[in-house]
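Hi everyone, thanks for making the time. Let me put the structure up, and then I'll walk you through a few spots in it.

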Amino acid sequence: MSDDAVVRPRPEAAVTLRPASGARIEGGFWGTRQRVNRDVTIPLGARRIRESGAFANLEAAARGAGGEHRGKVFADSDVYKWLEALAWERGRADSDELARAYEEAAGLVAAAQAPDGYLHTHTQLTGRERYCDMASSHELYCAGHLMQAAVAGSRAIGDDTLLRVAAKFADHLVKDLPADALDGHPEIETALAELYRETGVRPYLDLAARMVTDRGHERLPLKGHHGPGIRQDRVPLRDATTVEGHAVRALYLAAGATDVAAETGDDGLLAALTRQWHDMVATKTYLTGGLGSVWYGEQFGGPHELTPETAYCETCAAVASVQWSWRMLLATGEPGYADLMERTLYNAVLPGLSLGGDRFFYVNALRVRAGANPDDRRAAARGRQDWYGTACCPPNVMRLLSSLGHYLATQSEDGVQLHLYASGTVRAGDVLLEVETGYPWDGRVEVVVRETPDRPWTLAARIPAWAEGATASVEPGASGGGLAGGGADASGPGAGAGGEAEPRPGSYQRIRRAWRPGDRLTLDLAVRPRLTAAVPRLDVARGQVAVERGPLVYCLEQPDHPGVIVDDLCVAATPGLRDGAPIAGLPAEVVPVIARGRIHAHRDEDAGFPYRTAAAPREPEHTGPVDLTFVPYYAWANRGAGPMTIWTPLH
């Protein structure tokens, strides 16, 4: 277990929590996803990125050649994200194959760098002037992903090949970047902050802070019909009340600004980001945690503009959301950030990847109607694709899954905090915990203390906001002395265990005692099916419900309802939700949910004009009852693409 972290605040940073010094996922739900990522997705990425010409661009730049550049202007970033995934994988369990792939690609990147530190193959090969089109060139966007890959290599495997490249590039930027330059696609801000954390070179952080402050003054020229908000250049970040514009760009910027706020102690900036995060969750977040409702410009829409079938919900936006919420969690210690991370991971990141690890969604709609047009390769009606011309999402998922263990737990002077549940081990200073769980299918989570200091400390375990009826208990190990050996601190709501206080959803169960090796905290998070409704202002979901079970959002999918179109199904007013039996074509551990429902009976007039006089409305006619089968949304479209919906009418 390596002592590393994706985000590692400096000792003087103004944060409430710090990442645990080491965590490893071993088996279970997320262990399976990491194995597929390692064995299938990352090798596939190597082939597809090579086929795209991104490696050829680096090879040409290394030779000092000019001329043709293959692929998108930001093609370099695909290589860097893939390299970051390789680094975290090597940190989890190195192999000769991974080492060869990493060393070859890292060496190629180093060879492609210009003598003064600059590196952007599109500019180098075409002879275009540097920094002449910052709104669209993605020069600093690519630099940011290079820096994040470099930090991963340094922390995960102790390799400084890319770190030297990144530092040389950052030194060039500090010295030669035009004083008012901003990239149209934020990303470099969080990368510079993390590079500062890794190297201690303060000018890197200062440059990031300058970029965060300078946005919002309409300095980035625009093309087409977009306004400056699409590039987060309409309102200064400290004055903004919500997130707007291109969803991925907005979330990357917010993550970087949170890093800057933490490292500079800027309480005003953190307060602005807190305000924006809460507004985003309250008015612009899909049930899945997905973000971005407007296809044109891949943007956030207005408040409650959350249509299911035209949801954009780009997979990259989900990854960026996890990154931002993690930084906000470190800064504040508030459980709502971990709640959104969990929702997003299961229901907005995972749908972007097939169960087999070899097909991808760029866009994640919440409804696909019968007869939906699949012309656009991004359209959910077309199903997952084997790759994309704009391939930002696949390597983004790779790097998140490879580094997922880093997001499980934190530590503080008071003790250890568990935020996400997965089987494995957590090292936090002189504490070692072993976690055993069948989550998310089973709500039982057992946390066994394996190593502990000889003094009281607090173990805090998140109780998800949906977990009504959760329970917690502590069982002393063979060497322990019961709760009397330091006792449980029940100083606040949901603060104790063993009967002192009941767990409270949306908080942390905090148990302070003199822990002993073998002591066991057992949580039962009450994983069971439930119905969810939307607030009235979300008009597209009025009169409809969704099914959730534990942290998972469910959907109706066509393969489970032969002979009837999903569009015609309704949930009965008394649905009788229950767990179902395994479904052919999905992994055996997947738990479907069965509900009583009905089928809308079409009238003759339905085939003519889809409207009727409202003076004498009639209740729709239905047949039934029938059993409806809901499956986890992340698992849909693994048995072919077809009609699907998360929201279903309630009748």
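Let's start with the side chain of Q558, which reaches the backbone nitrogen of V566 at 3.2 Å. Before going on, please keep in mind that this is a predicted model. Where does Q558 sit? You'll find Q558 in the loop between β15, residues 552-557, and β16, residues 569-571. Is Q558 buried or exposed? With a relative accessible area of 17%, Q558 falls under the 20% cut-off, so Q558 counts as buried. If we set aside neighbours within four places in sequence, Q558 is in contact with V564, I565, V566 and P643.

Now to another loop residue, L237. This one lies between α9, residues 202-214, and α10, residues 247-264. L237 is buried too, with a relative accessibility of 11%. What does L237 touch, not counting residues up to four places away in sequence? The list is V212, R215, L253, A257, L269, A272, L273 and Q276. For a sense of scale, L237 and G67 are 170 residues apart in sequence, and their C-alpha atoms are 39 Å apart in space.

On to helix packing. As a reminder, two packed helices are described by the angle between their axes and the distance between the axes.

Let me take helix α2 to begin with, residues 54-63. Its buried residues are A54, F55, N57, L58, A60 and A61. What covers them? The cover includes α1 (28-52), α3 (75-92), α4 (96-112) and α5 (121-126). After α2 comes G64, with a positive phi near 75 degrees.

Of those covering helices, let me pick out α4. α2 and α4 pack with their axes 7 Å apart, at an angle of about 45 degrees. The two helices are therefore oblique to each other, and α2 passes α4 in a left-handed crossing. On the α2 side, the contact uses F55, L58, E59, A61 and A62, and these meet A105, L108, V109, A111 and A112 in α4. By class, that contact has 9 nonpolar residues, no polar ones and 1 charged.

Next is a pair with another geometry to look at: helix α12, residues 315-332, and helix α13, residues 335-349. They pack at an angle of about 165 degrees, with axes 9 Å apart. That makes α12 roughly antiparallel to α13, and their crossing is left-handed. From α12, the contact is made by T315, A318, V319, S321, V322, S325, W326, M328, L329 and T332; from α13, by Y337, A338, L340, M341, T344, L345, A348 and V349. Those residues divide into 13 nonpolar, 5 polar and no charged.

Finally, α13 has another partner, helix α11, residues 267-283. Here the axes come within 12 Å and cross at roughly 45 degrees. That makes α11 oblique to α13, again with a left-handed crossing. Which residues meet? T274, W277, H278, M280 and V281 in α11 meet G336, Y337 and L340 in α13. The classes here are 5 nonpolar, 3 polar and no charged.

Conventions: Residues are numbered from 1 along each chain as its sequence is written. This is a predicted model: local features need pLDDT of at least 70, side-chain atom pairs count only at pLDDT 80 or more; totals for chains, interfaces and linings use all residues. Side-chain values use heavy atoms; hydrogens and water are left out. Axes are lines fitted to C-alpha atoms, for helices over the stretch in contact, and angles run from 0 to 180 degrees between N-to-C directions. Helices (H or I, at least four residues) and strands (E, at least two) are DSSP runs, numbered from the N terminus. Angles under 35 degrees count as roughly parallel, over 145 as roughly antiparallel, 65 to 115 as roughly perpendicular and the rest as oblique. A crossing is left-handed if the near helix is turned anticlockwise from the far one by less than a right angle, and right-handed if clockwise. Contact means heavy atoms within 4.5 Å. Ala, Val, Leu, Ile, Met, Phe, Trp, Tyr, Cys and Pro count as nonpolar, Asp, Glu, Lys and Arg as charged, and the others, Gly among them, as polar. Buried means under 20% relative accessible area, exposed over 50%, partly exposed in between (1.4 Å probe, protein chains only). A polar contact is a pair of N or O atoms within 3.5 Å; within protein, one must be able to donate a hydrogen and the other to accept it, and residues adjacent in sequence count only if both atoms are side-chain atoms.
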